[in-house]
Number of protein chains: 2
Amino acid sequence: MNAEIDRQLHHRTIRAFTTQEIPATTIDTLVDVARHTATSEFLQAFSVISITDPQLKTAIAQISKQPYVANNGHLFIFIADQHRNAIIGAEMNQPENKVGGANKFLAALADATLAVQNTVVAAESMGLGAVVLGSILNDAQQIIDLLHLPELTFPVLGLAIGYPDQEPQYKPRLPKKFMHFENGYQLPEPIVPQLKAYDAEVHDYYDLREANRRVDTFTNQVKRSLLNVPEKRAQLLTILHQQGFLIEDDH
Amino acid sequence: MNAEIDRQLHHRTIRAFTTQEIPATTIDTLVDVARHTATSEFLQAFSVISITDPQLKTAIAQISKQPYVANNGHLFIFIADQHRNAIIGAEMNQPENKVGGANKFLAALADATLAVQNTVVAAESMGLGAVVLGSILNDAQQIIDLLHLPELTFPVLGLAIGYPDQEPQYKPRLPKKFMHFENGYQLPEPIVPQLKAYDAEVHDYYDLREANRRVDTFTNQVKRSLLNVPEKRAQLLTILHQQGFLIEDDH
């Protein structure tokens with residue numbers, strides 16, 4: 001096992017950063033890494049927005065309901081972006097496009113998300129910590145408004161990085177037999193009884209992390225989440241439509 | 001700059017692998033890296049399928065229209081998976097769920113895609129080459145049938161890895177000013193005239209790579225792709241609906 005893989009196997013989300021400033025050259029390098037990620041059909045259908053305005057950062061922290069986002073660290077928002085490609089076409093006298101359809105929407109999501117993880121790995125290799133923020137979708141419309149995101153763009157994930165100011169425990173992951181299959185999907189059911197030991201491990205993890213945090217097993221966490229869709233997250237499909245995505249198959 | 005970032009900045013897609021066998025322990029390590037990727041709300045909403053059956057591999061190569069996929073190398077298919085979580089709920093006497101909605105679908109896509117890139121980086125750190133295969137969606141329904149993918153799952157990306165048997169050129173990426181913005185989306189328009197030097201660079205890249213391959217600029221490639229949705233890719237939204245995803249907002 002090499003050092004890179006060792007780091008990946010010991011990945012922990014870091015949510016508290018020291019006041020140590022991240023050099024501009026480091027941010028620049030991270031954006032370069034993002035740019036060099038594999039991209040579907042070479043369309044490079046994503047963009048990155050750095051949030052340097054403290055007020056904007058505070059607004060995004062409020063949306064994500066993660067107060068630490070407003071604190072130290074650099075905040076990126078990764079955007080699925082077919083707008084740029086549509087504009088290129090329009091400037092070349094081809095105003096019509098089908099980039100809002102599921103096909104090109106999924107490609108843009110993939111481009112943006114692959115780039116997020118590439119950036120995470122690069123940041124961690126430099127001793128930085130990172131937290132991926134799906135929580136920006138708590139109010140996607142407000143993110144769209146705050147960042148002036150045009151049609152055919154969508155905010156996919158936030159990413160905050162900084163010098164770690166905490167040392168969280170490792171979070172035990174689902175045993176491999178429940179997530180790695182051979183030649184076809186083969187979930188070994190019933191699952192819950194087989195997850196007893198894993199549930200105990202997860203329970204233990206939370207137990208140790210934060211005394212006043214709700215302790216719960218993995219299966220209980222899953223069960224609770226199945227019906228839990230906060231009001232504004234229940235509007236995501238409508239917002240995707242408003243951005244011009246997924247309106248119809250070959251749009 | 002450290003070795004990891006140097007590797008990331010010199011990323012190239014590798015599509016030809018030698019006959020050298022990848023040890024089973026290496027595959028195991030890569031799956032472990034995938035498992036340890038950040039996951040939305042700790043729901044771990046993805047699965048990985050290893051394709052070891054040569055006939056199945058050939059079928060997937062045909063779907064992806066990339067004949068090299070049938071050759072040497074190990075083939076993974078990454079699955080957005082809310083089925084497992086739905087089953088956990090059902091086994092715990094909660095048969096209802098809202099995991100088919102846009103909210104949990106986007107989370108599952110993110111989980112699967114972040115794991116793909118983490119695996120790519122790990123593989124490259126071990127001297128392996130990788131190709132991310134969005135092309136499995138050329139016929140998503142056939143992939144679903146071949147891999148017996150149940151409701152609330154969806155094939156996101158393929159990933160083939162192996163020992164490199166080629167040394168492709170580096171593919172020049174879009175200049176940063178067109179994809180990295182500060183505090184809001186600010187595309188410097190008009191773009192096409194500003195992309196002249198980049199277009200020339202891309203043109204040059206193709207020129208050198210393969211004598212009988214169509215030479216084209218970036219903007220021409222984008223323009224051509226804007227209206228190009230192969231027939232079965234135009235059915236992706238219908239297939240997503242059939243898998244139980246995106247049917248309505250809070251489903």
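Visitor: How many salt bridges does the structure hold over all chains?

Guide: Over all chains, the structure holds 16 salt bridges. The term denotes a side-chain nitrogen of Lys or Arg within 4 Å of a carboxyl oxygen of Asp or Glu. This is a predicted model, in which local features need pLDDT of at least 70, side-chain atom pairs count only at pLDDT 80 or more, and totals for chains, interfaces and linings use all residues. Residues are numbered from 1 along each chain as its sequence is written, chains are lettered from A and ligands numbered from 1 in the order in which they are written, and side-chain values use heavy atoms, with hydrogens and water left out.

Visitor: What makes B:Lys176 and A:Asp32 a salt bridge?

Guide: The closest N and O atoms of B:Lys176 and A:Asp32 are 3.1 Å apart, and the limit is 4 Å, so the pair qualifies. B:Lys176 lies in the loop between β4 (153-162) and β5 of chain B, and A:Asp32 in helix α2 (residues 24-35) of chain A, so this pair joins two chains. Helices (H or I, at least four residues) and strands (E, at least two) are DSSP runs, numbered from the N terminus. B:Lys176 also forms a salt bridge with A:Asp28, where the closest N and O atoms are 3.1 Å apart. Across the interface of chain A and chain B the rule finds four salt bridges.

Visitor: How do you know that the two copies are related as by a two-fold rotation axis?

Guide: Chain A can be laid on chain B by a turn of 180 degrees with a shift of 0.0 Å along the axis, at an RMSD of 0.0 Å. The two copies are thus related as by a two-fold rotation axis. The same surface serves both, as 100% of the contact residues of chain A recur in chain B. The superposition is by least squares on the C-alpha atoms of residues with pLDDT of at least 70 in both copies.

Visitor: What is in contact between chain A and chain B, and what area is buried?

Guide: Contact means heavy atoms within 4.5 Å; by this criterion 117 residues of chain A are in contact with 117 residues of chain B. The buried area is about 10400 Å², of which carbon and sulfur atoms give 64%. That quantity is the accessible area (1.4 Å probe) that two parts lose on being put together, summed over both. In chain A, the residues losing the most area to chain B are A:Phe42, A:Arg173 and A:Tyr185, together 8% of what that side buries.
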